[in-house]
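Here is a short report for a reader new to this structure.

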Amino acid sequence: MSFLPFTRPSIDEETIAGVGEVLRSGWITSGPQVKAFETALSSYFGGRPVRVFSSGTATLEVGLALCSVGPGDEVITTPLTWVATTNTILRLGAKPVLVDVDPVTRNIDLDRAEQAVTPRTKAIVPVDLAGLPVDRDRLYAIAGARRLRVVEDAAQSMGARWKGRRIGSFGDLVSFSFHANKNMTTGEGGCLVLNDEAEAALAEKLRLQGVVRDADGGMDVDVIGGKFNLTDIAARIGLGQLPRLEGFNGRRRALARMYFERLRPLADRIGMGLPVADFEQSNWHMFQVTLPFAQLGLSRGDFIRAMHAAEIGTGVHYPALHLFSAYRRLGFDEGDFPHAERIGREIVTLPLFPAMQDADIDRVANAMEQVLLRQRP
Ligand SMILES: *Cc1c(COP(=O)(O)O)cnc(C)c1O
C-alpha cells in the first residue's frame with residue numbers, strides 16, 4: 001500500500017503542457033498569463049477587481065498596507081491560524097490584538113472581537129479555518145458600526161460560501177492563498193479581491209517596488225513597494241486550476257461526509273471532537289479532529305508516528321500562535337486564550353484531497369481505531 005499524504009495537489013496534463021508553452025514562449029515572469037488569470041479570477045468573484053501576488057502572505061501584507069495599517073494601530077484577529085496572519089501585522093509595525101476562538105467553529109469569537117475594539121483598532125482580520133466561513137453578517141455589522149476595515153484572511157476558503165454567496169464576491173478586502181496545500185494552487189501565490197480600480201492600482205504599485213511607468217518610457221516611485229509579483233509560469237497553473245475548483249471542492253465535501261459516517265462511533269467512544277458538519281458553506285479545505293491526548297494516555301507525537309507507520313500522513317494546523325517564543329516575548333502567555341490553546345494541543349488534520357479514493361477513508365478510520373482503541377483497557 002502506498003503512503004497516503006494528508007494532502008496532494010491535482011494538476012492535469014493540459015496544465016503541465018500549458019506550463020511548457022509558457023516556458024518556451026520567452027516570457028516567464030509577470031505578463032499575459034498573469035493578466036488572463038486576474039481576468040478569470042475577477043469574473044469568478046462577480047466582477048470585483050483582483051490582483052495576484054507571489055504568496056498569500058504577500059497578499060495579506062499588501063491588503064493591510066492598503067488599509068494604512070502601521071505603527072500605533074491595532075488589528076484584531078485569532079490565535080488559531082497560520083502565523084502569516086499575525087506576522088504580516090507585526091511586519092507593518094502594528095499590534096495584533098488576539099481574541100479567543102469559538103470552541104465549536106474554531107474560528108474567531110466575534111463577541112470577543114467586538115469587545116476588543118479600541119480607538120486604536122484599524123482593522124479586523126477574520127480567518128476561515130479549514131474553509132469554514134466566519135459569520136460575515138456579524139463581522140460586517142461590527143466593522144460597519146465601529147468604522148473598521150476588514151482584511152479577510154480567506155487563504156483557506158477559496159470556493160467557500162456565506163449564505164449562498166461566494167467568499168470574495170462581497171465584503172471589504174479578501175485575501176486568498178494558492179500555496180500547494182490550498183484547494184487550488186499555483187505552487188506559491190495568492191490573490192487579493194479589491195473594492196475599486198483606484199485601490200487595485202495602488203495594490204499593483206505596492207506589488208512591484210512602487211513603480212509607475214508613463215507612456216514615454218519614464219517612471220516614478222511615489223510609494224515604497226515590495227517584490228510580490230506572480231510569475232506567468234505560476235499564473236498558467238492557476239488558469240488550469242480555477243475551472244476545476246468547484247469539482248475539487250465537491251469531491252472534498254463528499255469525502256468529508258464519508259469521514260463523518262465512519263468516525264462518529266469512534267468519536268463518541270473516545271471523546272474525539274469532529275468539525276462542524278457544514279456541507280453548504282465550507283470548502284472542506286481540511287478535515288480536522290481534536291483528540292483528548294491527556295485522557296487517551298498517548299501524546300500527539302505518538303499518534304502521528306503510529307499513523308505514519310500505517311502509511312498515513314497527518315498534519316497539525318495549528319498550535320496556538322501566541323505561545324511561539326517570539327510571541328511570548330510580546331507579552332502573550334499560557335492561559336490567555338484557553339479554547340485556542342486546547343484545540344492547538346489536540347488538533348490533527350486527517351488526509352483530505354480530491355484524488356483520494358473512497359477506500360482511503362476506511363483506511364484512515366481503521367488505522368485510527370487500531371491506534372486509539374489499543375490504548376484502552
Ligand atoms: C496558507 C495561509 C496563509 C499564507 O499563504 P501563503 O501562500 O503560504 O503565504 C495565510 N493565512 C492562512 C490562514 C493560511 O492558511
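The report covers the sheet, its helices and the cavities.

This is a predicted model: local features need pLDDT of at least 70, side-chain atom pairs count only at pLDDT 80 or more, and totals for chains, interfaces and linings use all residues. Residues are numbered from 1 along each chain as its sequence is written, and side-chain values use heavy atoms, without hydrogens or water.

Seven strands form an open, mixed sheet in the order β1-β9-β8-β5-β4-β2-β3. Strands (E, at least two residues) and helices (H or I, at least four) are DSSP runs, numbered from the N terminus. Two strands pair if DSSP finds at least two bridges between them. β1 (50-53) and β3 (95-98) stand at the edges with a single partner strand each, so one side of each lacks a neighbour in the sheet. Strands β8 (173-177) and β9 (190-193) run antiparallel, joined by four bridges. Phe176 has Cys191 in β9 as its bridge partner.

Helix α3 (56-66) packs on the sheet and touches β1, β2 (74-77), β5 (149-153), β8 and β9. Contact means heavy atoms within 4.5 Å.

Two cavities reach 30 Å³ or more. A cavity is a set of points on a 1 Å grid, over the protein atoms alone, where a 1.4 Å probe fits but cannot get out; lining residues have an atom within 4 Å of a point. A volume is the space filled by probe spheres set on the points, which are joined across faces, edges and corners.

| Cavity | Volume | Lining |
|---|---|---|
| Largest | about 120 Å³ | 13 residues |

Leu129 and Pro275 are among the residues closest to the centre of the largest cavity.

How values were computed. Axes fitted to C-alpha atoms, helices over the stretch in contact; angles between N-to-C directions. 1 Å grid on protein atoms, 1.4 Å probe; cavity = no way out; pocket = protein on both sides within 12 Å on 5 of 7 lines; lining within 4 Å.
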